[in-house]
Amino acid sequence: MFDSLLEQLNTSIKLRGGELVPVPQGLEKCCSQKGQTVIYSWLWQVPGFRRWRVTKMDGGSSIQVLNSVAYPEYTNAQPLMGIDLLWFGKSSKLVSVLDFQPLIQDKVYFERYFEGLKQLQKQFPKLKNQDKMRSFDPNQYFSPWVLFCRGGLEEAEESLPLAFNSFLDCYWDLKDISSRNGLDLSPSEVMRLQIDYDTYSAKKDPAHGLFVSYFGKLWADRFLNDFLFPGNSLLN
Ligand code: BLA
């Protein structure tokens, strides 16, 4: 379901000088015990970013996932880029989350970084039909303009592909804003907040149970701590 979006993402990253770097061994691919679901992950080294991860899960008509997080360098206080797209083929249900994930909930920070996402939200109202979050706290590492939608085939095949490239372009534009405006969060503060993002996400992410059921607890724990949210292990 999301292969063309994954291609757009890869192309966009490569255009900005991104290069693939190795994923920790054993985490780059895993097949479920029954062999019907496969999860693939990639890690990019992109100028201006300290880490950019991408994951695709292919469970045929049961589940399709595209997930990605971009972590800017610690000298750049701009939001992280978060993508979480899920398609449940049997019930034709889409869960789509696209956000610039803010390090802090602050008016000036929002004014600086969120003009583009605000416009996108206006342009694609169908991709923001959901306000209530069940597992996450919407006021922690999510922005007020998060494009969060629970939808169906129409949103998955029409609105989302239309919005996706604009979303990426809009995120790339943030880098220019950052260099123009200087920095008011110190690199050590940005580091603390990015590590806290990983710790918080590792705790709240509803994906862990899903990974346990497909790939077993041992692999799921390692994937969560060593690939998805490595900052989490720094505090353990
Ligand atoms: C929800 N994400 C979910 C759910 C699953 C995943 C199973 C629950 C589905 C539901 O609510 O119906 C799956 N999450 C994954 C997978 C990975 C993952 C497979 O991290 C990893 C490969 N989640 C993110 C990122 C964002 C995000 C970066 O990983 C931000 C853009 C958001 N996911 C997010 C939100 C929900 C969700 C907001 C809804 C949960 C809620 O209601 O609180």
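The side chain of asparagine 67 makes a polar contact with the side chain of arginine 53, at 2.8 Å. A second polar contact, at 3.0 Å, links the asparagine 67 side chain to that of aspartate 84. These distances come from a predicted model. Asparagine 67 is placed in strand β5, which spans residues 63-72. Its relative accessibility is 15%, and because the cut-off for buried is under 20%, asparagine 67 counts as buried.

An N or O atom in the side chain of asparagine 67 is 2.9 Å from an oxygen atom of the ligand. Two further residues place polar atoms by ligand oxygen. In arginine 150 a polar side-chain atom is involved, and the distance to an oxygen atom of the ligand is 2.9 Å. In phenylalanine 136 the atom belongs to the backbone: an N or O atom there lies 3.0 Å from an oxygen atom of the ligand. On its own the ligand has 830 Å² of accessible area, and the protein covers 93% of this.

The ligand takes up the space of the largest pocket. Several elements give two or more residues to the shell around the ligand, namely β5, β6 (80-88), β7, β8 and α6 (207-215). Strand β6 gives the largest share, with four residues. In total, 23 residues surround the ligand. The closest are Asn67, Asp84, Arg134, Ser135 and Asp205.

Strand β7 covers residues 93-101 and runs antiparallel to β8, to which five bridges join it. One of the pairings is between leucine 94 and glycine 151, the latter being the bridge partner in β8. How enclosed is strand β8 by the rest of the structure? The strand consists of residues 147-151, and four of these five residues are buried, so β8 is largely enclosed.

From leucine 168 to leucine 85 the sequence separation is 83 residues, and their C-alpha atoms are 14 Å apart. Aspartate 173 belongs to helix α4 as well. With a relative accessible area of 46%, which falls between the limits of 20% and 50%, aspartate 173 is partly exposed.

The next helix in the numbering, α5, covers residues 187-204 and contains proline 187. Proline 187 has a relative accessible area of 37% and is partly exposed. Along the chain, proline 187 and glutamine 8 are 179 residues apart, and 31 Å separates their C-alpha atoms.

Key:
Residues numbered from 1 in each chain as written. Predicted model: local features only at pLDDT ≥ 70, side-chain atom pairs only at ≥ 80, totals over all residues. Heavy atoms only, no water. Buried < 20%, exposed > 50% of the residue type's maximum accessible area, 1.4 Å probe, protein only. Pairing = 2+ DSSP bridges. Near = heavy atom within 4 Å. Polar contact = N/O pair within 3.5 Å; in protein donor to acceptor, adjacent residues only side chain to side chain. Areas by Shrake-Rupley, 256 points an atom, 1.4 Å probe, with all protein chains shown as cover. 1 Å grid on protein atoms, 1.4 Å probe; cavity = no way out; pocket = protein on both sides within 12 Å on 5 of 7 lines; lining within 4 Å. Sits in = over half its atoms within 2 Å of the grid points.
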